[in-house]
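Hi everyone, thanks for letting me go today.

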Amino acid sequence: MLNAIKEINGTLNSMVWGWPGLILLGFAGVWMTWKTGFFQMFHFGHWMEKTIGAIFGEKHITAHTEDKSISQFQSLCTALAATVGTGNIVGVAGAIAVGGPGAVFWMWLIAFFGMMTNYSENVLGILYRRKNEHGEWSGGAMYYLRDGLGSKKGCKQIGNILAILFSVFCLLASFGIGNMSQVNSMVSNINNAFGIPALAVGIFLFLAVGLVILGGLKRIAAMTEKLVPLMVILYLLGTLAVIIMNGSKIPAVFASIFQGAFALKSAAGGVVGSGIALAVQMGMKRGVFSNEAGLGSSVMVHSSSNVKEPVRQGMWGIFEVFADTIVVCTLTALTLLSSGAVDLTTGQMTEAAAAIGSNNMMSYAFESAFGKAGSMFIAVALFMFAYSTVLGWSHYGAKASEYLFGTKSIVPYRIAFVLIVLAGSVMEAELAWDISDTFNGLMMIPNLIGVLALSPEVAACTKNYVARHLRKKEGIEPMLSMWDDLQQSQSAALALEGDN
């Protein structure tokens, strides 16, 4: 039975995280980029101004709300909490170890197109969201699958089925990728770096996670808006320090990335063609695993924002992928490649780095620069990244549970989630991690079907926003919701408050 489960899971995993799934992800990103007129490129200055730039100039971006919604900045931080995780450190190292330096280029490329996949998910999330019986916004792939795809002729049943499948996959993934695997990583790294027993770390995490999660989304958002900026800034400063110390190697690093992307052998050896294929596959796979663009996960928290313009929240989705992959993953890659962990002429791990494995390559890079303090810094960074991921994913699982079983299931789900934190700290179940990884990838299939089917709505909403805000055309009714009552109420509120 166990072998049969492994074989079935292996087949599914090779589909969702192999070429079939990656091609679907790539196609969706390219299609949505084209449908929105290369918004992430031609309006780069605008979306940067309305996201990271607005934090310092528009009070409503960060202002805490009195209702059940959260601020735009809190929604970003909670989404980044779930995406900026171990994949940004261990995942990048694994991609380079297997696919060579060229994998970094393909990570950049999938992120460029993934910006518009994430943008589209968020636009649809706002367009199709509704308030639940507690007055909280409920949105996500399950809602635009049921109410968006399901509203098209002959698609009602398929929309409902795909919405349920997405929610089931999300619920199961939240316990695995969003909980046990992150906790296991935290416990292992802290134990190796500081010698603290696994059970002691597990009890601390049980309390640290429980106190936040059981307080609901407001408390999660309040924690992540403080934790995420701090952990990202500290990590970026650390990587920049290593990169500056190895500054003379940076030209060679970029040369190895571009050469490895198109011509050289992969780190695993093999001929040129297979080397390029491996670089493409590992770069795309680890890039998507890191930023989650296309999986439909982060839209569940973005939909809880107090924003009224769908495109405004969509732009936060663009920034999310930009910050996660273009910034954090790139600095991780530059740190690794400049540290001597990889032979830049062959693209293979050096003997010393290979001896400790790809999971510990960043520790090797930091230790080579700062000694034992470097590996301790990475252990703390991994702890913070994984902890934030657990907080973010707890909300995703709660929204999936709400969709499947109603709002009464949220508290029992959160209790179960916290208990699994304690269990995950002391158990080793590699198959459970592999299965949850598969469920994580399976989320993208129904989600991307919905995104592609509803691409005309995304294009129309984008065109509406561009006409009103960038081309300054007057007399155009804003496109804020697919529901008449919300369209009217949100439009009236927008008129009173001005652009938000």
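So, where does pLDDT stay under 50? That happens over residues 265-274. Keep in mind that we're looking at a predicted model, and pLDDT is the predictor's confidence in each residue.

What about the rest? The protein averages a pLDDT of 83, and 88% of the residues score at least 70. If you go element by element, helix H22, residues 444-453, has the highest mean at 95. Helix H5, residues 59-62, has the lowest, at 65.

Okay, on to empty space. Rolling a probe the size of a water molecule over the atoms shows where such space is left. I picked the second largest pocket, with a volume of about 340 Å³. Which residues lie nearest its centre? Those are Ile52, Leu80, Pro229, Val232 and Phe319, out of 18 lining residues. Three helices each supply at least two residues of that lining: H6 (72-83), H12 (217-245) and H16 (310-338). And here's the bit I like: the lining has 18 nonpolar residues, with no polar and no charged ones.

Now for the rings. A search of the whole structure finds 27 aromatic pairs. A pair like that is described by the distance of the centres and the angle of the planes. Take Phe366 and Phe370: they're 6.1 Å centre to centre with 45 degrees between the planes, which makes the pair tilted. Why are these two about one helical turn apart? Because they sit four residues apart in helix H18, residues 361-370.

Are they buried or exposed? Phe366 has a relative accessible area of 0%, so Phe366 is buried. Phe370 comes out at 36%, so Phe370 is partly exposed.

Phe377 is partly exposed, at 28%.

One last thing to find on the screen: Phe105, Trp106, Trp108, Phe254, Phe258 and Phe262 form one aromatic cluster.

Technical notes
Residues numbered from 1 in each chain as written. Predicted model: local features only at pLDDT ≥ 70, side-chain atom pairs only at ≥ 80, totals over all residues. Heavy atoms only, no water. pLDDT = per-residue confidence, 0-100. Contact = heavy atoms within 4.5 Å. 1 Å grid on protein atoms, 1.4 Å probe; cavity = no way out; pocket = protein on both sides within 12 Å on 5 of 7 lines; lining within 4 Å. Points joined across faces, edges and corners; volume = space filled by probe spheres on them. Nonpolar A, V, L, I, M, F, W, Y, C, P; charged D, E, K, R; others polar. Phe/Tyr/Trp six-rings, centres within 6.5 Å; stacked < 30°, edge-to-face > 60°. Buried < 20%, exposed > 50% of the residue type's maximum accessible area, 1.4 Å probe, protein only.
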